[in-house]
Amino acid sequence: MINDTQADFVAIWLALFVILILGVVLKYALRNKTEAVRHIPLMVVAGSLLILEVVKQVYHIIYGDWNPWHIPLHFCSYFLVWYGVALFSRGGIRQTMYACSLNGGILVSILLLIAPRMILHSATTDILGSFNHFHTFVYHVGVMAYSVWLVMLNVYHPNRQHVIRSVIFHTIFFFCTIAGAHIFHENYTNVLYADINLMENLRLSAGQFTYTCVLLLVGVIGISIVANATYFVMNKLYQKNLNKQKLTLEN
């Protein structure tokens with residue numbers, strides 16, 4: 001019999017398998033299409049998640065249980081900004097948002113795959129049991145799909161400046177989350193207290209200010225490492241694709 005923890009891993013790894021299969025199908029089907037066409041699957045995911053967020057807000061308002069916790073100030077809420085701007089922009093702005101989406105998406109995807117309950121809580125135990133479970137699961141799987149397809153569809157053009165911009169934009173939103181947590185007294189992204197014992201012990205022993213500074217530093221260092229690693233890998237893949245296209249044209 002599968003327990004709750006096993007159900008988390010089964011659900012998220014199965015979701016990743018489906019994402020990869022669909023990614024291969026999309027890559028094959030769109031391989032000879034223009035880049036504008038290859039953007040479409042990402043636009044569909046972005047539009048769907050933005051609509052789903054609006055539905056979530058309206059749902060809780062209608063049912064009278066809306067509270068500040070539903071304000072999109074969580075780390076995973078940043079994607080609404082990255083996706084929204086990418087959806088309605090072009091050129092360098094869209095590419096910068098792609099970089100932010102990919103860097104943040106890698107962090108979220110890693111956590112989903114190794115510690116799903118930290119993000120999904122109990123959503124996988126009964127995905128269709130409530131709107132909150134459904135939204136939590138579909139939203140985060142959508143984030144993972146966007147990141148994977150962003151790589152597979154070859155629409156992101158890595159630029160060294162994207163590393164700096166991604167770190168800056170994430171840091172700005174980190175500060176927004178910290179401010180929001182104290183203003184609304186909600187524990188967005190563990191700002192007020194930590195779910196991890198080591199961090200919570202630090203907060204209790206060293207104080208809230210020190211804890212907040214360490215949390216911010218961990219976040220900035222984390223996104224910096226991911227941004228640099230992503231740029232290195234994506235630049236290699238991008239150059240490889242360019243060389244392949246050049247050889248194709250020459251032949």
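Contact is defined here as heavy atoms within 4.5 Å. Helices (H or I, at least four residues) are DSSP runs numbered from the N terminus. The model is predicted: local features need pLDDT of at least 70, side-chain atom pairs count only at pLDDT 80 or more, and totals for chains, interfaces and linings use all residues. Residues are numbered from 1 along each chain as its sequence is written, and side-chain values use heavy atoms, with hydrogens and water left out.

Helix 5 was examined against helix 8 and helix 7. On the helix 8 (160-184) side, Q95, T96, M97, A99, C100, N103 and G104 of helix 5 meet H162, R165, S166, F169 and H170 of helix 8. This contact comprises 4 nonpolar, 7 polar and 1 charged residues. In this classification, Ala, Val, Leu, Ile, Met, Phe, Trp, Tyr, Cys and Pro are nonpolar; Asp, Glu, Lys and Arg are charged; the others, Gly among them, are polar. The two axes come within 9 Å and cross at roughly 70°. Helix 5 is therefore roughly perpendicular to helix 8. Axes are lines fitted to C-alpha atoms, for helices over the stretch in contact, and angles run from 0 to 180 degrees between N-to-C directions. Angles under 35 degrees count as roughly parallel, over 145 as roughly antiparallel, 65 to 115 as roughly perpendicular and the rest as oblique.

From helix 5, Y98, S101, L102, G105, I106, V108, S109 and L112 take part. They meet H140, V143, M144, Y146, S147, L150 and V151 of helix 7. By class, this contact holds 10 nonpolar, 5 polar and no charged residues.

The largest nonpolar core has 54 residues, of which Y146 and W149 touch the most other members. A nonpolar core is a set of buried Ala, Val, Leu, Ile, Met, Phe, Trp, Tyr and Cys residues joined through side-chain atoms within 4.5 Å. Buried means under 20% relative accessible area, exposed over 50%, and partly exposed in between (1.4 Å probe, protein chains only). Elements giving two or more residues to the 54-residue core include helix 1 (4-29), helix 3 (40-62), helix 5 and helix 10 (208-250). Helix 7 provides the largest share, 11 residues. Leaving aside neighbours within four places in sequence, Y146 is in contact with L42, V45, A46, Y83, A86, Y98 and S101. A second, separate core of 5 residues includes V167, I223, A227 and Y231.

Backbone geometry was also examined in the loops. Most residues other than glycine have a negative phi. N154, a residue other than glycine, has a positive phi near 55°. N154 lies in the loop between helix 7 and helix 8 and is buried, at 16% relative accessible area. T189, also not a glycine, has a positive phi of about 50°. T189 sits in the loop between helix 8 and helix 9 (197-206). At 34% relative accessibility, T189 is partly exposed.

K240 belongs to helix 10. K240 is exposed, with a relative accessible area of 55%. K240 and V155 are 85 residues apart in sequence. Their C-alpha atoms are 14 Å apart in space.
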